[in-house]
Structure formats: structure tokens, C-alpha cells
Amino acid sequence: MKKSLCFRGSAAKRAGRTPMADWCVFCDIGRRAPASTAVLLYSDDKVVAFQDINPSAFRHYLVIPVEHIPTVKNLQRTNEDHQLVSHMVKVGKDLLSRDAPKSEEHRFGFHQPPFNSIDHLHLHCLALPFIPSWRQVKYTPLGPLGGFIDAEKVLEKIKPETEVYS
């Protein structure tokens, strides 16, 4: 039986945020399931990183949380989510610095619904150039339509508000 991806069906709607989802290919990778063939480039108790199966750049890695979070739209303005995304970006930067030290440009970001292919939060870590060059279209912000959002913009959106005491 073929494993399904995290598509936007009833299972995804019911799931919300869960430690793992048994129907999600990225959850299989995150829990290091025997059926997963992904080679992990990095792992800890919060995130795992691996190469994209259809790379769009010289180096193209994905960093995913172990916890099942469907999309960037499910991130909240909390210390926990901000720290998670910050950690994901740091892992991605460290991997690209190690594996593509001569690349002059790196890009880090997320696809926003409905432009995401899998409903499990995943950070794209790209060491440019794009290969082939037309693939850059997939990693371009589309203004109010969404598309690709830079990781730094996500961090700004979910930065917890500081309380003001008088």
C-alpha cells in the first residue's frame, strides 16, 4: 500500500497540530519510520533536515518540525513557534554553509496555501543558482496572493508581542 502525502483532505483538517500524523510522509521522515528512505542531513528532538527529492537549486534542503504542523498559516505568535522557526532557519543556514560554501546567495522560506505541495510545515533552504533557472518562479512572493514567503517575514509575523508594564 502506497503512503499518502499530507494532502488537504479530511484527515488534514481534523489533524491541526499533532505530535505525529500516521498519514503524513513528512511525519514518517520525522519519526524515522522504517519505510522512510530519506537520508537525514540533520536531526534533533525538534527538527529533521533532508534533501528535497526534486531539487530546484544547486543545493535544496528541507527542514521540517518533528511535530505535525500543517502550514505556515498554523504558526502562532508564541515564543514556542518563533523559537521553532528560528531553529529551522539556523539548521538550514548551517547546512548550506557546510555543503555550499561558495554559493553567493541562499534563500529560506515557505510556500503558503494553496501553493504548498504537502501539508506539513517545511522550510525550503536553497543555495542558488536555480537549476533550471525557470524554477525561480516557484520561490517568488506573489504579494496578496501568497506564494512563497521569506522565512524572515514569517519570523516577523509570529514574533511574540512584548508586554508593556506601567
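Here are a few questions and answers about this predicted model. Residues are numbered from 1 along each chain as its sequence is written. In this predicted model, local features need pLDDT of at least 70, side-chain atom pairs count only at pLDDT 80 or more, and totals for chains, interfaces and linings use all residues, while side-chain values use heavy atoms, leaving out hydrogens and water.

Q: What is the order of the six strands in the open sheet?
A: Strands here are DSSP runs of E with at least two residues, and helices are runs of H or I with at least four, numbered from the N terminus. Two strands pair if DSSP finds at least two bridges between them. The pairing is antiparallel, and the order is β1-β2-β3-β5-β4-β6.

Q: Why is one side of β1 and of β6 left without a neighbour in the sheet?
A: Both strands, β1 (40–43) and β6 (148–150), stand at the edges.

Q: Which residue in β2 stands opposite Ser 43?
A: Strand β2 covers residues 47–51 and runs antiparallel to β1, with three bridges joining them. Opposite Ser 43 stands Val 48.

Q: Which residue does a cis peptide bond join to Ile 131?
A: Omega of this bond is about -10 degrees. Ile 131 is joined to Pro 132.

Q: Is Arg 32 buried, partly exposed or exposed?
A: Buried means under 20% relative accessible area, exposed over 50%, and partly exposed in between (1.4 Å probe, protein chains only). At 43% relative accessibility, Arg 32 is partly exposed.
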